[in-house]
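Hi,

Here is the structure I said I would pass on. Have a look at it first, and then read my notes below.

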Amino acid sequence: MSVALIRPLVVRTVAVSDPDDLLARLPDAAPYAWIRHGEGLVGWGEAARAAVPAGPGRFDWARGWLSSLFAGALIEDEVGVPGSGPVAFGSFTFDGHAPGTVLVVPRVVLARRDGRAWLTTIGDSAFDLFSPPREPGRIRYADGSLTAAQWEHRVARAVRRIKDGMLDKVVLARDLTAVAERDIDPRVLLERLAERYPECYTFSVDGLVGATPELLVRHTGQAVESLVLAGTTARGGGPADDAARGAALYASEKDRHEHAYAVASVREALAPLCSALNVPDEPELLVLPNVQHLASRVTGRLSDGASVLDVVAAMHPTAAVGGTPTGAALGVIRELEGMDRGGYAGPVGWIDSRGDGEWGIALRCAYVSGRRARLFAGCGIMAGSDPAAELAEAQAKLRVMRYALEG
């Protein structure tokens, strides 16, 4: 465990004119970001940081550390909305027993939402010098932990486990390594992702950069919302093919069952926390530039003053990124994936001093360090899964970050 901070935090939030493009304001420093349709938050610098200890109590530890930090802060907030005042960005590892979970309170946060914009600074925050984003140049790719053939073999083994009755579903991920000519500037990736995938949540936290379509939870006061995605097909070659693929996905027994498992896991996690919960009877199609998903938007009202981290703790891991039942699926993941996911498929997002915040599941993402990036994609494996089809789905999902790197 390591903790770095300035005590007490002296925080000031003021209204500012609309910055129009948040990402264009990021300086040449490790960026923090959470953007959708041009709205959200960006930040830089570090006023406080914590490496959260691994283990079953990590969410409680994180909430306790933030509560202590924010309770001792001197806050002047003239805006008073979710995301104003001090904000922490965070990335939790998928596996609770793996190290790598981090919380960071940036020195500077710039935000815009619903026609309002604000700037939060902590201490005597000098603004970092801006330099234009730098292209990474030519990209070379190599297999990650497993080759494509090896991964297909692991998928086939997972299918046998499911048919033997060990579990109903498991999500298997694969990684891909990229090496660029020059250091990879995360701002380039963020700008490309936000422009190409405006429906997704474009994020950057401590080197983990991506654009996730899956909202784990939005927490505003007592209101909570979650967008459940499970069941995927690639986009078609034209309007007719696209429509046919969407119709086939919606009618697919395998994909509908996979989606039902994911929705059930979210319902079971949220029900004990909520006084009211609305779960759609049928999914809808979410159409993105590279894939189509079955999607269900779940909304509810919390029965007490739980923070967004309490909700995240109750929901992670969902069946959409782990499997069903959870314990058996996690065991198969550890046995067959052959890699450490790190923050991939873990919760990523932000929380303010009120306990409000937005957290997604870190999908369609990569770890970026210097000239290297490690890309991730995962697929829900069911009894009817075909290894070659699952590999094709994973490759379609990897195209998101390949586009971010290559343009």
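Let me start with a salt bridge: the side chains of Arg 49 and Asp 206 meet at 2.7 Å, N to O. Arg 49 sits in strand β5 (residues 48–51), while Asp 206 is in the loop between β13 (201–205) and β14 (208–212), so this pair ties together parts that are 157 residues apart in sequence. Asp 206 itself counts as partly exposed, at 36% relative accessibility. Please keep in mind that this is a predicted model.

As you know, side chains of opposite charge can pair when their charged atoms come close.

Another one to look at is Arg 12 with Glu 76, whose side chains meet in a salt bridge at 3.6 Å, N to O. This pair also links distant parts of the chain: Arg 12 belongs to strand β2 and Glu 76 to strand β6 (residues 74–77), 64 residues apart. Both ends are partly exposed, with a relative accessible area of 43% for Arg 12 and 46% for Glu 76.

Then there is Arg 113 with Glu 358, a salt bridge of 3.0 Å, N to O, between the two side chains. Here the partners are 245 residues apart, with Arg 113 in strand β9 (residues 108–113) and Glu 358 in strand β22 (residues 357–361).

Now for some charges on the surface. Asp 20, Asp 21, Glu 191 and Glu 195 gather there in a patch of negative charge. Of these, Asp 21 is found in the loop between β2 (10–15) and β3 (32–36), and Asp 21 is partly exposed, with a relative accessible area of 37%.

On to the backbone, where a few spots are worth a look. Which bonds are cis? Another joins Thr 324 and Pro 325, with omega at about -15 degrees, and Pro 325 has its place in the loop between β20 and α7 (326–336).

Two residues also have a positive phi although neither is a glycine: His 37 at about 50 degrees and Ala 345 at about 70 degrees. His 37 lies in the loop between β3 and β4 (39–44) and is partly exposed, with a relative accessible area of 46%. Ala 345 is in the loop between α7 and β21 (347–352), and Ala 345 is buried, with a relative accessible area of 1%.

Finally, the overall picture. The protein chain has eight helices and 24 strands. Its radius of gyration is 20 Å, close to the 22 Å that the globule rule gives for 407 residues, so the chain is as compact as a globular protein of that length. Taken along the principal axes, the C-alpha atoms fill a box of roughly 60 × 50 × 45 Å. Buried residues make up 56% of the 407 residues.

Cheers

Notes: Residues numbered from 1 in each chain as written. Predicted model: local features only at pLDDT ≥ 70, side-chain atom pairs only at ≥ 80, totals over all residues. Heavy atoms only, no water. Patch = residues over 30% accessible without salt bridge, like charges linked within 9 Å, V, L, I, M, F, W, Y side chains within 5 Å. Areas by Shrake-Rupley, 256 points an atom, 1.4 Å probe, with all protein chains shown as cover. Salt bridge = Lys/Arg side-chain N within 4 Å of Asp/Glu carboxyl O. Lys, Arg positive; Asp, Glu negative; His and termini not counted. Charge placed at Lys NZ, Arg CZ, Asp CG, Glu CD. Helix = DSSP H or I, 4+ residues; strand = E, 2+ residues; numbered from the N terminus. Buried < 20%, exposed > 50% of the residue type's maximum accessible area, 1.4 Å probe, protein only. Rg over C-alpha atoms; globule rule 2.2 N^0.38 Å.
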